[in-house]
Structure formats: C-alpha cells, structure tokens
Amino acid sequence: MPSNNSHCNSTFSPLCSSVCLREMERSKKKVLLFYCVEAEELARKVAAQSNLIQLQSINWRSFADGFPNLFIKNAHDIRGQHVAFLGSFSSPSVIFEQLSVIYALPMLFCASFSVVLPFFPTGSFERIEEEGDVATAFTLARMLSNTPISRGGPTSLVIYDIHALQERFYFGDSILPVFESGIPLLKERLQQLPESDKIVVAFPDDGAWKRFHKLLDHFPMIICNKVREGDKRIVRIKEGNPAGCHVVIVDDLVQSGGTLIECQKVLAAQGAAKVSAYVTHGVFPNKSWERFVHKNDNVSGKAFTHFWISDSCPLTVEAISGKAPFEVLSLAKSISDALQI
Amino acid sequence: MSAISPPQSVPSFSSKSPSKTLTPAPNSTRPFNRIHCELKKASAAPQKWTIDCVSSTDPIHIILKPPNSALLPSPMDSPLKNSKRVCLFYCSEMRDLAERIASESDAIELRSITWRTFADGFPNLFISNAQGVRGQHVAFLASFSSPGVIFEQLSIIYALPRLFVSSFTLILPFFPTGTSERMEDEGDVATAFTLARILSNIPISMGGPASLVIFDIHALQERFYFGDNVLPCFESGIPLLLNRLQSLPDSDNITIAFPDDGAWKRFHKQLQHFPMMSGILAKLDSVYSINSNGAIIFHVYLTKLKLCGIPALWVVCAKVREGDQRIVRIKEGDPKGRHVVIVDDLVQSGGTLIECQKVLAKHGATKISAYVTHGIFPNKSWQRFNHDKGGNPENGMTYFWITDSCPETVKQVKNKPPFEVISLAAAIASALHI
C-alpha cells in the first residue's frame, strides 16, 4: 500500500521497512515527469529525489482569444515510457489548459500514465444539502475520471489528504485514485522537536479527527468543536487537556484561518505551553496567511510557534517563503515514491 | 409589409443529376420584410416557411415560422397545447440572448441560477427551484468566452441532467478552440478535442443523451469528436444572413465571397438544416459527404450557386512562407460593380478580412460587407473595421454582420457602424423545439 511506504520513512517497524524495500526493488521504473507552470519548483524537487525521474517540458502559450496554445516537446520520446503529470488547480482558470495536457498525454502511446494532483480543490463542496446545491467536487471528479486510458490501463490519480473521505467514490471506473497523506511528513518533523516538548495533537473538529486520528494515534489527543452560544459560534475543547503541552493543531487545509485562530485562543487559555499548526494544503485565499506571520515588534505575541504546510499549493509556498512561523514540508519524496506505483 | 409570391419552382439538386432550369430570385427594388418560400426535397412533400426580418431593431430580429404554423399555436395563442415547454437556464454573459429566446415563444421559460464564488475562487452555485424542473425539458445557454468561465458553467451542465428532467439540451452557440483541432506535429495539443471530450461526458438524463446545439462549428470534422452520449446538433447563422441580404435595397447586386476553401466547405454542410429561400439556394443532399479535397467541394458549390443565379466569388487568402505576409487573390468570379459580402464562420484579428477587402476593392467592387457568425475579436480588433460612409470600399465596409454568439463583442460594437448584430434567438428557439 502506498501509505505504508510513507510510514516506513519514519521507521516504525522493521517488518514494515523490509516490505517496503521489497516493493521498491520490484517496481522501479523510469518516469517522464511533465508539470504545470505553477508546480515547476515541486517538480524539480521530485525529480531530484531519484535518477529514475526525468523532467520533460511543455510549451504553455495562449492564443489571442485566451485559449491555450500548447505543445508537448519530444512527444515521440514518450512512446513506451511511464509518464506522469504534476498538476495544480489553484483556480478555475488554469484547469482547462492542464486538462488538455492530461487528456493528450495518455494518447501518445505511453506505457502508463499518472496524474499527481496534490491538492484536490472544491473538496469542501461535495454534498447536496438542498436540492439546487451544485457539488463542484463532483464536476471536477467527473472531468478527471474522463481521462483517456493509456496502454497501461486506467490513469492513476494521486491526491493528498482529500477533504471528504466519501470523495474517493466520486471517481469513475476509468481512473484509479490513490489517496496519500502528508501526515507522515508531520510525524517526521515532530520527532525533530526538542524532547522536552510534550506534544499533543489537536483536531479543530470531528471531521479532522475522523480523517487523521488513525495516523496519529500514538499521540495524546484533543478534540475541539464549535458550539452555539446565542448568535455566535465559539470553539470549545470537547475532550483532552492542553495544560503545559506543545499542542499541534492538525487539519487537511486552511482557508481564511479563522478556525485555527479560534482554536489557538482556546488552547492557550486552557494552559497550552506552545501552539503550532499543521495543514497539508495552505489554500489561504486573499493572502489570509498574513494573520499568522510573526511581527517583529515586542508587543504582539507569537500565537503560533510553528505553522507547517506542505508544498501542495505552490502559490502560497512562494508567498510565505522565509516568513516565520511558516515552514514548508515538501511532498517531493512522497510523490516520487507514489510515481513508482 | 408586402408579401412576395413564391416562385414557380425551386431547384433541387442531387449528386447524380445536377442542374435543372430554375427561376431566378425575384428582382424587387421595393423594400420588403416578409417572404414566403418553398422547400422541395427530392422525396418529401414541399414545405412552406415564413420568414420575417425586422431590421430596425438591434440586434436584427429574424423570425422563422416553421411550416404548418396554422396547426401550431402562434406565440399569441395559448401555448401549451402541442409544443414542448422548455425551462431555459443561462450563464450570466448570455442573459440578453436568453431573454430574446424566451420572448420568441411562450413555451420557453427563463430560470435562474445564483452564481457566486468562494474566497478561494471556486464557484458557489445554486439552482433556484430545482424541484420545479422535474419532468420538464431543460436547456442551458452557455458561453465559453474564456477558459476561466468553463468550470462554473460545466458544473451546472453536469448537474442539470440529474435533476430528473425529461430532456436536457446544451446550447453553445460558439464552440471555441475550434481552430485548434488538428495535430500537425506530434506534441500539438488539440484543445478542441479536450472541449469536445468534456462536453461528451454530460450525464444522460431521463430523456436520453443530451443534445448539444452549436452554430457554425469551425472544422467539419469536429462533429466526430463527440462521443456517443451526446447528440450534437449543428446549426448555422447563414440563413439568417441570407434573409437580411434579401431586405437590402441592392439585394439583386450582391455577390458572396469566401475568403478560403474552408469557409465554403463549412457553409455548405450547415445549410442542410435550414429552410431554403427561393432563388438563393436549394437543398443539396449528400453530394458534400466528406471529401478530402476541399477544393472540389468548393468548386461544386460555387457552380451550384451560379446556377441559382447567385454570383459567388472564390477569394483565396494564403500565407506566403516568408514572414507573415498574406497574399490574397481572387481564384474565381468577378466583383466589378458588385456589392460583395465576404462570408466566414468567425473572425479573430480580422487580418484575413482586411486583405480580402483590399483585393476586392482593387478589382472594382463598389461596396464591401462582411458576415461572420462569431465575432471573437480578441483585444478589440473590431476597431480595425471602418464604415465606408457611402464612399470608397477600400477604406471601409458597408456592413459588418455578426451574430450574438459572442456577447462581449456584441456589447462593444453596439451602435458602431458598420457593425450590425443579427440575433440567433429565433434559430435557437426553433432548435429547442426539436
């Protein structure tokens, strides 16, 4: 199982690592990696992980009418090779050009085709509560499910920490979704923190707990939730005790950051020694990450000691570069392993 | 308003027996708004259509009344007897056209969608009164003017068929990416294929596969890009143009020009679905089945047009290998003393049309006009086209007709001669009743 490979990086069990080694030896294959413009940096990092991964390039231009004018270089070299595409749908306007490449590559006689889409957007809009709601996650899943099959069969689609667990069933039969997680990266990072830190993991709501508790079950846990008090909704700690601990709030993604800030306040009020946060996907629309940046004055406190995000959202990664408390945990190694599937 | 009586006979052509004697178009210097015409197929009974052209409105309103209109209720009567009721949804940029379509028929009812965005830029959509579409015929009027608006409209297009509608029709007057539909080099990405694939994946509804209405698709081969789960319906704006031409004071002095081989191939095939107007064109059957040599088809059509008494010009615009120079020559036909109307499916920068205009002026055309179904005009390239103001055709055009398939352009050229907008509303309304 791919997730096990990631676990093995943190060496939890000898049995696990020998299984991994066998798997790795069995399935080593050379992969030609294409990528979208915004994911170039991550693509380079992925290619740097292994000699077997070779970067390829695409000409991304536009016609005067705004529609894409694309050219896949060295298309002949693709024949018989394992091919992958690293995408990033940071906004609706970049979907069409990337989808054109995703639909074109499998038809160039490649031996197999994988799409790596670290962040699957629209994930929080995946249910129909009222008839008339439009679940855009369904639209996106449908578009991706319609990727042509290649010589290697259905396309694999690698996604990290998809928002709702049910979304795995939105994909049709012609595509093979592979659900990975960034949590192993967090675990590795936590191991590097000072021994004195008593680390406790906190979840901002039940949904986050459901998604992640199994991957983190050897840490003490705190679960928060929102309760209504009159007109307001406030965050409360449902279970667990933060007193004297370094609490790490864990969630799949962050948008405005409001929920995280509310959680941090409650945890600090209940005696947490330090509060940090981890999200796989730093969506941060409209620069909402600014609320978290440590200011260089002596007046405002440092609410978050660390704020870890992965590099699934490259536009954010660029924006927060070098700005404390942000730290980027790269998915590159995990992706390079996933390409071996 | 005066009616012109139908001609004695209408030519019919078949691939086997070309050209019969025909009565040329009635010459009339009186302005008229209404014509009757008769459609004669080799096998079926003749059909009588009525066409009204209201040229004083903007956009120009062409009303097509199908045959047997005595049996069908007119818009004034109670609408619900025989015709199919359609709930028409639309994207924001197409609101004006949607309203015109709904005004064509009481059987077409406008519905609304709330189009909002979440902070991350992804759409937050709500279909009002979704329960109310159960068992109804539903249509969506889309416009993919840029890649950025595709996702939100697609979300609606994928959602509507699953609301227990009795049928679903997608109207996409302009199919973009059409010029990017071939792979000349391995590595070219044919985005027309992407778009066709996305549209072919529309869920089927209780009424079966979705119908997909497109006007003047750029490349004829693109009809085969669509999968089995959609039923593409290829319509054309050309008949609307021909009707407008009939209402011009110098309608008997018009010559049609095609800027290249492709233009004629397209024109020809699309006309099949529309009523023929007397003296202009007769229905042609499968003579134009796919022929790899476009020139042959072009020439065949040119000949037929001439047999109908319609002068037609074949102007070829070719690019020379050195740099970007365009060389245009007239391959066949003579524009001298004529009002030449250049016809094509779409216009982008307008370079081809301008070059054609120069050549036609040089060869003695007295007036030059243009018609394109889709006025794309990126970066306001429509500004290159001046009005001749009754003067020299080298400096300007008399008319430049576009349809309302590209709503952004329609807004920009409003009240700016030589531009005139011909509305697709009537053609779409009748397509919805198929």
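1. Helices (H or I, at least four residues) and strands (E, at least two) are DSSP runs, numbered from the N terminus. The peptide bond from B:P417 to B:P418 is cis, with omega near 5°.

2. Before going on, a word on what you are looking at: this is a predicted model, in which local features need pLDDT of at least 70 and side-chain atom pairs count only at pLDDT 80 or more, while totals for chains, interfaces and linings use all residues. Residues are numbered from 1 along each chain as its sequence is written, chains are lettered from A and ligands numbered from 1 in the order in which they are written, and side-chain values use heavy atoms, with hydrogens and water left out.

3. The loop between helix 8 and strand 19 of chain B also holds B:N415. Phi of B:N415 is near 60°, a positive value in a residue other than glycine. B:N415 counts as exposed because its relative accessibility is 65%; the classes are buried under 20% relative accessible area, exposed over 50% and partly exposed in between (1.4 Å probe, protein chains only).

4. Another positive phi in a residue other than glycine belongs to B:F164, near 65°. Look for B:F164 in the loop between helix 2 and strand 10 (167-172) of chain B. With a relative accessibility of 45%, B:F164 counts as partly exposed.

5. Chain A has a cis peptide bond too, from A:A324 to A:P325, with omega near 0°. You will find A:P325 in the loop between helix 9 (314-319) and strand 15 (326-329) of chain A.

6. Now to where the chains meet. In contact (heavy atoms within 4.5 Å) are 48 residues of chain B and 46 residues of chain A. The two chains bury about 4,000 Å² between them, with carbon and sulfur atoms giving 69% of that area. Buried area here is the accessible area (1.4 Å probe) that two parts lose on being put together, summed over both. Of the area that chain B buries against chain A, 17% comes from B:F122, B:F151 and B:E186, more than from any other three residues.

7. B:E186 also takes part in a salt bridge: its side chain meets that of A:R79 at 3.1 Å, N to O. The count between chain B and chain A is two salt bridges, each a side-chain nitrogen of Lys or Arg within 4 Å of a carboxyl oxygen of Asp or Glu.

8. Which elements give two or more residues to the side of chain B that touches chain A? They are strand 8 (123-127), helix 2 (150-159) and helix 3 (191-200) of chain B. Helix 2 of chain B gives the most, with seven residues. By type, this side of chain B divides into 27 nonpolar, 14 polar and seven charged residues; Ala, Val, Leu, Ile, Met, Phe, Trp, Tyr, Cys and Pro count as nonpolar, Asp, Glu, Lys and Arg as charged, and the others, Gly among them, as polar.

9. Finally, the aromatic rings. Over all chains there are 22 aromatic pairs. The rings of A:F304 and A:F307 have centres 5.8 Å apart and planes at 45°, so this pair is tilted. Rings of Phe, Tyr and Trp (its six-membered ring) pair if their centres lie within 6.5 Å; planes under 30 degrees apart count as stacked, over 60 as edge-to-face and the rest as tilted. A:F304 counts as buried at 3% relative accessibility, and A:F307 is buried at 0% relative accessible area. Ring pairs link A:F304 and A:F307 with A:F284, A:F292 and A:F326 into a cluster.
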